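Thanks for coming. I will take a few minutes to walk through one structure, starting with charged pairs and ending with domains.

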Amino acid sequence: MGRVLSGAEILLECLIEEGVHYIFGYPGGAILPTYDALSKYPQLHHVLVRHEQNAAHMADGFARATGRVGVAMATSGPGATNLVTGIATAMMDSSPIVCITGQVSRPVIGTDAFQEVDVTGVTLPITKHNYLVMDIHELADTIREAFYIARSGRPGPVLVDVPKDVQNEKIEWEYPTAPVKLPGYRPPAQASEPDVVAALELINNAKKPLILAGHGLMMSGATNEVRELAEKAQIPVALTLLGKGAMPEGHPLTIGMMGMHGVAASNLAIQEADLLIALGMRFDDRVTGNIKTYSPNSKKIHVDIDPSELNKNIQVDVAVAGDLRAVLAQLIPGVKSTAHSDWLNTIRDWQEDADEREILRRDTGERLLGAQVINDIWKFTGGDALVTTDVGQHQMLEAQYYPHIRPSTMITSGGLGTMGFGMPSAIGAKLGRPEEEVWAIVGDGGFQMTLQELATAVQEHVNINIAILNNGFLGMVRQWQELFHERRYNETHMFSPDFVKLAEAYGIPAMRVTKREQVEEAIAFARSHDGPTLIEFVVEKEDMVYPMVPSGADLDAMIRRPKPNEA
Amino acid sequence: MPENMSTKHTVVALVENQPGVLMRVTNLFRRRNFNIDSLSVGRTHRPQISRMTIVVDSARANAQRIMANLLKLVPVIDVANVGADLHVSRDLALVKVRSDDADSRNALTMIVERYPARIVDIGNLYAIVEITAQEDRVEQCIHELEPIGIVEMVRTGVVAMGRGARILDSSYERTAQPSTNGYHV
Ligand SMILES: Cc1ncc(C[n+]2csc(CCOP(=O)(O)OP(=O)(O)O)c2C)c(N)n1
């Protein structure tokens, strides 16, 4: 005989069975029965956020840092709609989170009851799947399915909407042991034999092959495999923004990020290659530029677990739907060892040309540049921190000046480009991986979108280091205005509060840095404190991120920083 | 004309018979910018499974993409591009036309004889013609009815089934496999 439990208790016991410890959430009327039951389960640790969007970002940061499902909880109506940006962010970057929302009681659903919103309707296009639980007997299996769907195949957010009276209802209950039934859910696993043969044929005959390494490699746990493939056939590797960490940066075969603000050598290599091996990436417009002229001379192999990504933006020669770890294990034994020395030398020449343009090699006088700050953070954290970013110039500078060695140590909103993501995701990441040194690198604009979570960081005593790169502008938009709108800086110049005083109001140790010489000391200051710290770096106001492929331009039509003798 | 020579894709989907499935499918087509020409849903011989026939404008999307996106929806069990192979397809129309004089009634009788159509209701003012045929035949018949005076019309949209031994997978008892994801950090 089972025990008699309420829906709320069943829900929480199911979370425990899924291995959940942290719930990022915010209470309200329709989810109150579940909050009431929380005290019975000390295994669960609820983190009280200051805005539900950030509950989703924290769950997302937790998920990306650990590979485990992050959980966010909110009440009906405004609580649920506040989650939306966070859910869409997780969806675009394939991050496994489960969101639990309270709903008004079943008898009043559809009556525009107080705080009623059709949240399954609202989130339909931005979730991998969602549920409204109308029968308490289906609650447990729904939670099990939600976690299974969120973490398997191409991961993504799943939302479960639970009416208040379902949370209150009591039934005799035991944890179900039968496997969940999902007849229509079959993520692909392996490549077919003909696809393996076709891919090997291309790989073994290529003169100028290039691997495009994406986020999927990390989610599949295939980072060792991609390195083995690259080393065996001496194939250079370009990374997507979310692919940073898929192959160690600093490895002789790793060129660096591709795309709009990618390193020139990666973009030139893409255009010059005779074979692209795209692994767990999706040819987003920010990495392809003009698709009509994209990599014109190459054959293309694309491996992704989501079949709908294949031949979506770029037509390929061999399209493989499968799990990368399994597919690479199928491919590697058939790959011939080769040297590709001419090709690698060509790439090295491009890299040397970029070195000549490198801003870090120049004397910039009194000015403090974002690139210098990030490079110093890299240096003084031994290149080994887990870094989250917000969205904008500082994000691209992080990607360029903070090389990552280990997988899943760089967390950023790539697909949706959600300002405000940086700091809350750092809190989630730090709670998920307490042994890591965690830095949130943010802009003065984006930080002000979610800075209320400073209070959460203090309340939970989360040891994150926040670096604000304050350029007094919505920098990335200002850059576009400078380049494409004749410097009409409409609505991008921005007043900010005194960030140091603000931090102090929260009880957070803080420092302001205006000169290069102070940077090292400030970083040491942040690292020496337990709990959250904040450093405001007052950086050059009108700085640019180079190279830049203008939106929709050919990938090799980069705007580049002039060489010193050309300037 | 062979049935698969067309500017349209005819795709069939087996879906779990649960609330919201139709919304998921139509939402998918809208957000992927596919253009639905017609969509019809109905129960099958298995109570848990419904079947949809979706006709899509092929200018904007190839069949492969449509099917891959449909299969991504969790309640979609199986899909087939039946339009690409030999298949049977039917559209049904009910057309209310004028029947208030001898000329109109004579014309009606003559047209109906030359099509898979019949008069299912007739009165002093109006008659209802039922046409069940391939979509293009339905259209021709409607075209011929037009001069008489159509006042109301309804169509079910196309339903289709592949010929021969190709059976869509409707096994319902398949269970989830353990996750293959490693996600090593
Ligand atoms: C929520 C949201 N609103 C607007 C944008 C558009 N946007 C992209 S970058 C950017 C400027 C960011 O400025 P800041 O946070 O100061 O960072 P910076 O570029 O200066 O490093 C804006 C407004 C966005 N990405 N997200």
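Let me start with A:Arg286, which forms a salt bridge with A:Asp285; the closest N and O atoms there are 3.5 Å apart. A:Arg286 is partly exposed, at a relative accessible area of 38%. Before going on, please keep in mind that this is a predicted model.

Over all chains, a search of the whole structure finds 45 salt bridges. As background, side chains of opposite charge can pair when their charged atoms come close.

Here is another one, in chain A. A:Asp141 and A:Arg144 meet through their side chains in a salt bridge, with 2.6 Å from N to O. Where do A:Asp141 and A:Arg144 lie? Both are in helix H7 of chain A, residues 139-151, and they are three residues apart, about one turn of the helix.

The side chains of B:Asp100 and B:Arg98 form a salt bridge at 2.5 Å, N to O. B:Asp100 is partly exposed, with a relative accessible area of 38%. B:Arg98 is partly exposed too, at 29%.

Some charged residues are linked in a network. One network of salt bridges connects A:Arg154, A:Asp306, A:Glu309, A:Lys312 and B:Lys72. That network has members from chain A and one from chain B, namely B:Lys72.

Now to a strand. Please find S18 of chain A, residues 464-470. How many of the residues of strand S18 are buried? Seven of the seven are, so the strand is largely enclosed by the rest of the structure. Both of its faces are covered. On one side the buried residues are A:Ile464, A:Ile466, A:Ile468 and A:Asn470.

Which strands pair with S18(A)? One is strand S17 of chain A, residues 438-443, joined to S18(A) by six bridges and running parallel to it. In that pairing, A:Ala440 stands opposite A:Ile466 of S18(A). Another is strand S20 of chain A, residues 533-538, and here too six bridges make the join and the strands run parallel. A:Leu469 stands opposite A:Phe537, which belongs to S20(A).

Next, the aromatic side chains. The structure holds eleven aromatic pairs over all chains. In one of them, A:Tyr148 and A:Tyr185 are edge-to-face, with 5.8 Å centre to centre and 75° between the planes. A:Tyr148 lies in helix H7 of chain A, while A:Tyr185 is in the loop between strand S8 (170-173) and helix H9 (193-205) of chain A, so the pair ties together parts that are 37 residues apart in sequence. Both A:Tyr148 and A:Tyr185 are buried.

A:Trp480 and A:Phe484 make another pair. Their ring centres are 5.7 Å apart and their planes are at 80°, so this pair is edge-to-face. Both residues lie in helix H21 of chain A, residues 475-484, four residues apart, about one turn of the helix. A:Trp480 is partly exposed, with a relative accessible area of 25%, and A:Phe484 is partly exposed at 35%. Elsewhere in chain A, A:Tyr22, A:Phe24 and A:Phe62 form one aromatic cluster.

Let me stay with H21(A) for a moment. Its buried residues are A:Gly475, A:Met476, A:Arg478, A:Gln479, A:Gln481 and A:Glu482. What covers them includes helix H17 of chain A, residues 393-401. A:Arg478, one of those buried residues, also lies over the face of A:Phe473, at 5.8 Å from the ring centre. Just after the helix, A:Glu486 takes a positive phi of about 50°.

Last, the domains of chain A. The domain assignment gives domain 1 (3-173), domain 2 (193-351) and domain 3 (358-538). How far apart do the C-alpha centres of domain 1 and domain 2 of chain A lie? They are 37 Å apart. In the contact between them, seven residues come from domain 1 of chain A and seven residues from domain 2 of chain A.

That is my last item, thank you.

Methods. Residues numbered from 1 in each chain as written. Chains lettered and ligands numbered in written order. Predicted model: local features only at pLDDT ≥ 70, side-chain atom pairs only at ≥ 80, totals over all residues. Heavy atoms only, no water. Salt bridge = Lys/Arg side-chain N within 4 Å of Asp/Glu carboxyl O. Helix = DSSP H or I, 4+ residues; strand = E, 2+ residues; numbered from the N terminus. Buried < 20%, exposed > 50% of the residue type's maximum accessible area, 1.4 Å probe, protein only. Pairing = 2+ DSSP bridges. Phe/Tyr/Trp six-rings, centres within 6.5 Å; stacked < 30°, edge-to-face > 60°. Lys NZ or Arg CZ within 6 Å of the ring centre and 35° of its normal. Contact = heavy atoms within 4.5 Å. Domains from an automatic or database assignment.
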